[in-house]
Amino acid sequence: MKKTILLSATILFCLFSLFLAGCAATGGRPPEEKTPSAAVEIAKAYGIDRFQNIDAIRFTFNARVNDKNVKRTWAWDPRTDRVIYNGPGPDGEASVTVTYNRKQKASPDFNAKIDQWFINDQYWLLFPFHLVWDPDITLTAGGRQPLPIPPGTAQKLTVKYPPDVGYTPGDAYELYYNPETFRVRQWIYRRGGAEEPTRIATWEDHAKAGPILFSLTHNGPEDDFRVWFTDVAVQLKGGNEWLNARPSGSG
């Protein structure tokens with residue numbers, strides 16, 4: 001199920017809704033033969049084969065668009081879909097802590113706006129896994145292409161969502177990845193499949209927490225946009241120790 005993300009204050013709602021529309025699927029659709037091999041290889045490069053060994057993920061999502069800033073901290077149990085949120089409140093509060101289960105939307109603890117924020121932030125962090133998790137997506141290989149933010153070239157993979165699903169139906173993403181390491185280098189997001197890019201960003205500062213690879217920094221082509229993650233860590237199945245993300249070289 002696909003969802004977009006919005007921010008709390010009205011002006012930020014309009015501004016940050018341009019980040020992207022994330023897919024809410026958090027399960028584990030296995031790789032299928034109909035899925036282009038590049039999509040599976042990208043997901044594998046980021047640790048999809050070992051994701052079942054993860055009991056919990058925590059991270060802080062930071063973003064800057066022009067002079068507006070946001071900071072949201074999350075802990076997520078992928079097995080149960082339990083989420084703990086700390087950050088600005090959905091009604092303008094300076095700070096709240098909310099615990100809820102994404103599977104229990106009728107619960108009084110469930111807040112749709114906070115859940116939308118979670119999907120957005122998680123999608124920036126875990127997008128490569130959605131290539132395998134999300135059903136009904138169309139994947140198209142595009143060959144080697146110039147990077148949207150020059151210089152250089154990379155292999156292109158286009159991801160399209162159905163026109164009748166989620167908060168922003170028909171979203172499209174263009175991944176530019178290293179064909180040797182299958183790490184994402186840049187991407188373009190087109191809200192609702194728009195002709196003009198909604199967001200262009202780099203994928204930088206790759207780091208590993210346990211068996212999972214993350215890109216911790218996303219910069220736009222200008223200085224007016226940046227997304228970055230701090231305090232990224234995972235807990236392995238059956239353990240209590242948080243394994244912090246550590247730099248994992250270039251690629």
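# Strand S14 and its surroundings

Me: What joins S13 to S14, and through how many residues?
Reply: A hairpin does, and it runs through five residues. Strands here are DSSP runs of E with at least two residues, helices are runs of H or I with at least four, and both are numbered from the N terminus.

Me: What kind of model is this?
Reply: This is a predicted model, in which local features need pLDDT of at least 70, side-chain atom pairs count only at pLDDT 80 or more, and totals for chains, interfaces and linings use all residues. Residues are numbered from 1 along each chain as its sequence is written, and side-chain values use heavy atoms, with hydrogens and water left out.

Me: Back to S13 and S14. In which sense do they pair, and over how many bridges?
Reply: Antiparallel, over three bridges, with S13 covering residues 212–219. Two strands pair if DSSP finds at least two bridges between them. Thr 217 stands opposite Trp 228 in S14.

Me: What about Asp 205?
Reply: Asp 205 also has a positive phi of about 50° and is not a glycine. The residue sits in S12 (residues 204–209) and is partly exposed at 47%. Most residues other than glycine have a negative phi, and most peptide bonds are trans.

Me: Which residues does the cis peptide bond join?
Reply: Pro 150 and Pro 151, with omega at about 5°. Pro 151 is in the loop between S7 (138–146) and S8.

Me: Where is Gly 170, and is it buried or exposed?
Reply: Gly 170 is in the loop between S8 (153–160) and S9 (172–177). With a relative accessible area of 18%, Gly 170 is buried. Gly 193 is 23 residues from Gly 170 in sequence, and their C-alpha atoms are 5.4 Å apart in space.

Me: Switching to the inside. How many residues has the largest nonpolar core?
Reply: The largest nonpolar core has 60 residues, and those with the most contacts inside it include Trp 74, Phe 127 and Phe 229. A core here is a set of buried Ala, Val, Leu, Ile, Met, Phe, Trp, Tyr and Cys residues joined through side-chain atoms within 4.5 Å. Helix H3 (residues 112–133) gives the most to this core, with 13 residues.

Me: What is Trp 74 in contact with?
Reply: Leaving aside neighbours within four places in sequence, its contacts (heavy atoms within 4.5 Å) include Ile 57, Phe 59, Tyr 85, Tyr 100, Trp 117 and Asp 121.

Me: Which side chain makes a polar contact with that of Asp 121?
Reply: The side chain of Arg 72, at 2.7 Å. A polar contact is a pair of N or O atoms within 3.5 Å; within protein, one must be able to donate a hydrogen and the other to accept it, and residues adjacent in sequence count only if both atoms are side-chain atoms. Arg 72 is in S4 (residues 68–77) and is buried, with a relative accessible area of 1%.

Me: What is the mean pLDDT, and where does pLDDT stay under 50?
Reply: The mean is 87, and 84% of the residues reach 70 or more (pLDDT is the predictor's confidence in each residue, from 0 to 100). pLDDT stays under 50 over residues 1–18, which have 70 contacts beyond four places in sequence in the model. Residues 20–34 are also under 50, with 56 such contacts.

Me: How many helices and strands has the chain?
Reply: Three helices and 16 strands. Of its 251 residues, 53% count as buried.

Note on methods. Buried means under 20% relative accessible area, exposed over 50%, partly exposed in between (1.4 Å probe, protein chains only).
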